[in-house]
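This report describes selected local features of one structure, treating helix packing, strand pairing and backbone geometry in turn.

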Amino acid sequence: MDYEIYIRRCLELAKAGEYYVAPNPMVGAVLAESTTGRVVAEGWHHRFGEAHAEVDCLSKVGTIVNHAGMKCDNNTSLPKTLFVNLEPCSHWGKTPPCADLIIRRREELKIERVVVGSLDPNPEVAGRGVRRLQEAGIEVVTGVLEKECRYLNRRFMCLHEEHRPYVVLKWAQTADGYIGSPDRRVVISNSVSKQIVHKMRAENMAIMVGANTALTDNPKLLNTHWSGRNPIRVLLDHRHRVPESYNIFSGESETIVYSDDTRWEYVLSDLASRGIHSVLVEGGATVLNNILETGIYDEVHVEVNPNLYLNDGIKAPALQFGALFERTKILKNTLYTYEKHKNAIVN
Ligand code: AOF
Ligand code: ZN
């Protein structure tokens with residue numbers, strides 16, 4: 001049996017929960033016959049607070065179904081392997097422990113083996129899921145496509161391993177290196193890149209701006225052009241300058257304001273204590289420069305408009321792109337992406 005094929009499938013299934021499971025990880029599960037390799041059932045974690053991937057998968061045995069809605073045969077007499085991209089949980093959270101469910105159903109379903117992509121760094125689990133399965137006599141294989149599994153859940157990993165949210169910085173700049181003008185709104189993005197920004201908002205639990213951006217652009221910072229929830233808005237407003245009537249306080253989402261203590265380390269630890277696993281920082285220059293200076297960030301996305309010159313204005317932050325960088329054309333603009341966190345995958 002090629003374990004990697006099945007873990008890859010778990011990752012695909014897990015992705016179906018993207019935009020809906022945060023701050024939980026994205027998890028997919030596949031139950032297959034060990035000898036024939038035939039898939040018996042598939043499942044994934046659909047939404048925060050709902051059934052885990054293993055529960056979803058095992059509930060489908062004999063009834064359905066693979067992801068495409070096809071009925072699968074279930075020959076109960078054959079030994080089976082359960083694949084999951086994340087270690088099955090061992091704790092009582094919003095749902096009961098998956099490890100216990102697997103153990104409870106192992107005789108009936110002939111589950112002889114569990115193959116795990118990456119371990120769960122949540123201190124409530126952290127290896128106990130694997131241990132419980134092993135103690136019950138189930139063979140456990142770990143670390144299959146571990147890098148890919150950790151990459152998919154890099155935000156979740158960051159929260160539990162670094163005790164801070166995963167930080168994504170994003171800005172758009174003109175051909176001559178300005179991100180805007182101090183007194184008026186300058187449009188650097190295009191219609192497609194705007195949608196990509198909304199996708200980024202959907203991927204991250206929170207979105208942050210400084211007071212200057214909130215006052216100059218008066219943005220709502222919602223996710224209106226992509227699936228998923230609106231991000232929690234975070235405003236850094238040291239001098240209490242942004243009035244309650246501004247769009248950042250509109251009713252569609254929650255807004256957290258930092259004014260007394262706006263030090264980056266403090267803001268990050270406070271966001272982590274609220275269970276926020278990721279934050280997208282959209283500006284302005286002061287906030288971005290301060291963060292770049294601390295070195296505490298994970299991804300940077302810079303959109304460059306090659307046809308727009310301002311000659312004067314707010315200088316874009318200076319960023320030395322490292323080895324990991326990707327270039328994407330978005331109509332006439334170019335998006336440069338840089339990842340510097342420990343789970344980045346070098347191509
Ligand atoms: C799994 N399978 O599909 C997921 C897991 O509050 P709960 O009960 O939803 O538990 C959330 C925690 O469970 C989460 O922080 C992570 O450690 C684990 N997620 N575990 O076995 C899953 N989503
Ligand atoms: Zn679970």
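In this predicted model, the axes of helix α3 (residues 98–109) and helix α4 (residues 128–135) come within 9 Å and cross at roughly 20 degrees. Axes are lines fitted to C-alpha atoms, for helices over the stretch in contact, and angles run from 0 to 180 degrees between N-to-C directions. Helices (H or I, at least four residues) and strands (E, at least two) are DSSP runs, numbered from the N terminus. The two helices, α3 and α4, are therefore roughly parallel to each other, a term that applies to angles under 35 degrees. The contact (heavy atoms within 4.5 Å) involves Ala99, Asp100, Ile102 and Ile103 of α3, together with Gly129, Arg132 and Leu133 of α4. Classified by residue type, the contact of α3 with α4 comprises four nonpolar, one polar and two charged residues; Ala, Val, Leu, Ile, Met, Phe, Trp, Tyr, Cys and Pro count as nonpolar, Asp, Glu, Lys and Arg as charged, and the others, Gly among them, as polar.

Residues are numbered from 1 along each chain as its sequence is written, and chains are lettered from A and ligands numbered from 1 in the order in which they are written. Local features need pLDDT of at least 70, side-chain atom pairs count only at pLDDT 80 or more, and totals for chains, interfaces and linings use all residues, while side-chain values use heavy atoms, with hydrogens and water left out.

Strand β9 (residues 232–236) pairs with β10 (residues 255–258) in the parallel sense over four bridges, where pairing requires that DSSP find at least two bridges. Leu235 has Val257 of β10 as its bridge partner. Buried means under 20% relative accessible area, exposed over 50%, and partly exposed in between (1.4 Å probe, protein chains only).

Most residues other than glycine have a negative phi, and most peptide bonds are trans.

| Residue | Phi | Relative accessible area |
|---|---|---|
| Ala126 | about 40 degrees | 41%, partly exposed |
| Leu221 | near 60 degrees | 3%, buried |

Ala126 is in the loop between β4 (111–118) and α4, and Leu221 is in the loop between α8 (211–217) and β9. A cis peptide bond joins Ala22 and Pro23, with omega about 5 degrees. The peptide bond from Gly283 to Gly284 is also cis, with omega near -5 degrees.

Terms used:
Angles under 35 degrees count as roughly parallel, over 145 as roughly antiparallel, 65 to 115 as roughly perpendicular and the rest as oblique.
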